[in-house]
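Trainee: Could you walk me through this one while I have it open?
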Amino acid sequence: MGQITLNKVRKCFGEVEVIPPLDLEINDGEFVVFVGPSGCGKSTLLRLIAGLEDVSDGEIRIDGAEATDVPPAKRGLAMVFQSYALYPHMSVRKNIAFPLRMAGLDKAAQDKKVEEAARVLNLTDYLERKPGQLSGGQRQRVAIGRAIVREPAAFLFDEPLSNLDAALRVGMRLEISELHKRLATTMIYVTHDQVEAMTMADKIVVLRAGNIEQVGSPLELYRNPRNLFVAGFIGSPKMNFVNGQEAAKHDAHTIGIRPEHTQVSTEGGDWPGVVGVSEHLGSDTFFHVTCEGFADPLTVRAGGEVDLHYGDKVFLTPDAAHLHRFDKEGLRL
Amino acid sequence: MATKASRTAARMMISPSVILLLGWMIIPLSMTIYFSFLRYNLITPTGNPFVGWENYYWFVTDPSFKAAMINTLLLVGGILLITVIGGILLSLLLDRPMFGQGVIRIMVIAPFFVMPTVSALVWKNMFMNPVNGIFGQMATGMGFEPVDFFGQIPLLSIIFIASWQWLPFATLILFTAMQSLDQEQLEAAEMDGASWSSRFWFIILPHLARAITVVILIETIFLLSVFAEILVTTNGGPGTATTNLTYLIYVSSLLQFDVGMGSAGGVIAIILANIVAIFLMRMIGKNLDA
């Protein structure tokens, strides 16, 4: 079981309020991702749930039981840190066994659980090594192993992939998703990378300055962003925003259109413009197009084999069905 | 230093200082070794015949040598024990956020800047003197018999004085090491259900292991030659109760005017210090590699 409820949770560091009163419901077995730009309070929120920081106000309930003042070890949660926080002087075996040893489990039971975890995480060959002798991805797995053996009610991940290189990150992303499917345990995952959020989450919580901007499934957030911030944050490359006259045509202060929802044509369309820098990814090409009367260049997606070059004249046509309209306050219309 | 030419040039450049330093060390060392094989007493100028290992024989079989070795061991061991344990405790305290952090940290280091002679005299006259000292006054004030520190517990008193001086050094090194501990490790251990004492035992202490070794080795080298504290407080007495190896060498060569005997003692001390130094060099070398 791993149902977590935050009720009017507030956190201040001295005078500064980093998290204004906030409510959140995390259901059992869910993969929840906290995402937001750096400094938005997502790590603080995770640490509040873990119990590593005291809440200034409000309450945290885990499986219905009041947990606000329960020490971290008694909450039944396990955490994977950004720096992995492995114990450098202990072998992998001892690292993974540490929580069991602290719980006073006997040696045979410890060994059994450690070996089971090592098998799941492909660490069996490395059990006698020290963390210093492992690669980044292996260290990451040891940190996860140390969390798994405790059989926690929920896993907390604090930007676990940010120290890995791009290829490894994709691999570990899959492994963590796979682990979630297999264990079906609640996982709370903090990241600033919206791609990680989109690919892994059942539920995304978008945070800005300690406030929850929107909560929803990845596709919900993609399809119906509640405001400009979420619209700009979710999706890669970013949504294009257009103000002024063009927006007024749609009765909005700002309109947003995603690069993948814009047609590029050399013959004719709504917005004439000039091709700037293009980024070829093979499968897709992203063009930065400067359109007449628009303040910023727009990013558009075209197929991988489109033959357009710097300085070419093109016409863009936004897909009306996927046009997002926002009012003066940045809220969705 | 890429090319052969630049390497040669580099060697030429540093050679004057290396040769100077080497000479500075080699000349007194070889003279000491040379004198240690001579009968060389300033009171009985009989010429200085070569006597082989005789000086060493008499130095080692002297009953005060055994006492001096035991005292040296007790002195070094006692001070190490107090400074390492005290240093760990002090740095645990200093590691906590508190009011006046900067000033307190500087004040903790202060005793290290006081000269050994001065601090020993201050302790002797102002604290440990049974009549005028603060401890004596306090004991008398409460109706107890004041302790005559240098009469009843001379070695312990000197261990205490030297520990007071060396505690800041140990604290400084251990405190720096403690600050380099990754806080996430402690938090991870906390999540893993480790109590404070388990965190100290399984995380903090292993992290400090290297720093502790360095403190022990460096202090050992300096503590083998504790001298000023003994000279200004007890003069090695009562009897030989506070005579360590360094003080015994001083007694032989400067009180008994026996240069040969003193040199033999000096060579023995050099050998002892070098054994420690070898461990120290290997230790520090390993730290630099890592």
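Predicted model: local features only at pLDDT ≥ 70, side-chain atom pairs only at ≥ 80, totals over all residues.

Trainee: OK, what order do the strands of the open sheet in chain A take?
Mentor: The order is β2-β1-β4-β5, with antiparallel pairing; strands are DSSP runs of E with at least two residues, helices are runs of H or I with at least four, both numbered from the N terminus, and two strands pair if DSSP finds at least two bridges between them.

Trainee: And which are the edge strands?
Mentor: Those are β2 (16-26) and β5 (65-66) of chain A, each pairing on one side only.

Trainee: How many bridges join β1 to β4 in chain A?
Mentor: Five bridges join them, and A:Asn7 has A:Glu59 in β4(A) as its bridge partner.

Trainee: Switching to chain B, at what angle do α3 and α8 pack?
Mentor: Helix α3 (63-94) and helix α8 (154-179) of chain B pack at about 40°, with axes 6 Å apart; axes are lines fitted to C-alpha atoms over the stretch in contact, and angles run from 0 to 180 degrees between N-to-C directions.

Trainee: Last one: how many residues does each chain give to the contact?
Mentor: Chain B gives 13 residues and chain A gives 15, where contact means C-beta atoms, placed from the backbone, within 7 Å. On the side of chain B that touches chain A, α9(B) provides the largest share, six residues.

Notes: Residues numbered from 1 in each chain as written. Chains lettered and ligands numbered in written order. Contact = placed C-beta atoms within 7 Å.
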